[in-house]
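Trainee: I've got a fold on my screen and I'd like to learn how to read it. Can you walk me through it?

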Amino acid sequence: MRGIVGFLLAIMLMSPAPKPALSTEIDSAVSSVDPSVRTPESVDWQLPARYVGQTVSRHPRGFDKRSIALTFDDGPDPRFTPGILDELKKRNMKATFFVLGWRVERYPALVKRIFDEGHTVANHTRMHPARPDQARATEEVKSTSEAIKKACGKYPTLFRPPYGIRDSWTARIAKGEGMASVIWTISSADTQTKDTKTIFDNVTKTPSNGDIILMHDIHEHTASAIPRILDELDHQGWNCVTLDKLFRQFDEFENSRN
Ligand SMILES: [Zn+2]
């Protein structure tokens, strides 16, 4: 009798309580995960330490990778952003979208699509003020970061001050939050001209390694110039990457020099 009790006790101690229902659920959930689907956990927008809280307006001297970053400001816009996303996808190119907080709140599904398709979503303030005071700037930057987090599950790590005003309160607040404040090195000038040939020339004439190109996904003329621009960049052999990826390449280059 004692032997049987001891035997049963030993079995109870050795074998954990069975959880068939739960483990089956977990197994099927794990096996149905598509590795190509982006989740907030699988995406790393982390910046190299040297760019955290800094203004970035140029690439390292002598940067040797054939990489450039396309950036689209002031959207997303349901009239033009989806078409631009389609064109990027066709060529497997990645870009960075500096979105406005009020548009993120209005078009969260479009922000989620930008995220899902492998691009980086970045902060460009809520209402695009040039030089707001400190209190307003704080609200502009923080509410936009919160809207981005709500739409795609991640806080942005990149900021661009409206009009590229690098000493504005919005830039200072964003840098204080640990973001990099990023200016462009090439402008498409698509806010000054509607001529698609001029926009095409501005972007594709003289890019060099590590350039950061400014465009706006709120203009019809920009959207219609995009297919030719992307084809030409592809033809010239450029690797179009997100800004955070470009910064990681900059960092590797800087580290390899030291
Ligand atoms: Zn802007």
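Trainee: Over which residues does pLDDT stay under 50, and how many contacts beyond four places in sequence does the model have for them?

Mentor: Residues are numbered from 1 along each chain as its sequence is written. pLDDT is the predictor's confidence in each residue, from 0 to 100. Where pLDDT is low, the predicted coordinates should not be read in detail. Here the stretch is residues 15-31, with 0 contacts beyond four places in sequence; a contact means that two C-beta atoms, placed from the backbone, lie within 7 Å. Over the protein chain, pLDDT averages 90, and 86% of the residues score at least 70.

Trainee: How many helices and strands are there in the protein chain?

Mentor: Helices (H or I, at least four residues) and strands (E, at least two) are DSSP runs, numbered from the N terminus. The protein chain has 10 helices and 9 strands. Of its contacts with a separation of 6 or more, 78% join residues 24 or more positions apart.

Trainee: Which residues of α9 are buried?

Mentor: A residue is buried if 20 or more other C-beta atoms lie within 10 Å of its own, exposed if 12 or fewer, and partly exposed in between, with C-beta atoms placed from the backbone. An α-helix has 3.6 residues a turn, so residues three or four places apart point the same way. In α9 the buried set includes Thr-222, Ala-225, Ile-226, Ile-229 and Leu-233. The buried residues of α9 pack against α3 (81-90), α8 (196-204), β8 (212-216) and β9 (239-240). For the protein chain, 39% of the 258 residues count as buried.

Trainee: Which way do the residues of β3 point?

Mentor: In a regular strand the side chains alternate between the two faces of the sheet. From β3, Ala-95, Phe-97 and Val-99 point one way, while Thr-96 and Phe-98 point the other way, and all are buried.

Trainee: In which sense do β2 and β3 pair?

Mentor: Two strands pair if DSSP finds at least two bridges between them. β2 and β3 pair in the parallel sense over 4 bridges, and Asp-73 stands opposite Phe-98 in β3. β3 and β4 also pair in the parallel sense over 4 bridges, with Thr-96 opposite Thr-120 in β4.

Trainee: What kind of unit do β2, α3 and β3 make?

Mentor: A crossover is right-handed if, with the strands pointing away from the viewer, the path from the first strand over the helix to the second runs clockwise. β2, α3 and β3 make a right-handed β-α-β unit.

Trainee: Why does Ser-181 count as buried?

Mentor: Ser-181 is buried because 26 other C-beta atoms lie within 10 Å. Ser-181 lies in strand β6, and its contacts beyond four places in sequence include Thr-55, Phe-159 and Ala-171.

Trainee: Where should I check the backbone?

Mentor: Most residues other than glycine have a negative phi, and most peptide bonds are trans. In this model the peptide bond from Gly-75 to Pro-76 is cis, with omega near 0°, and Pro-76 sits in the loop between β2 and α3. Asn-92 has a positive phi of about 55° although it is not a glycine. Asn-92 is in the loop between α3 and β3 and counts as exposed, with 9 C-beta neighbours inside 10 Å. Tyr-163, also not a glycine, has a positive phi of about 65°, and is found in the loop between β5 and α7 (169-176).

Conventions. This is a predicted model: local features need pLDDT of at least 70, side-chain atom pairs count only at pLDDT 80 or more; totals for chains, interfaces and linings use all residues.
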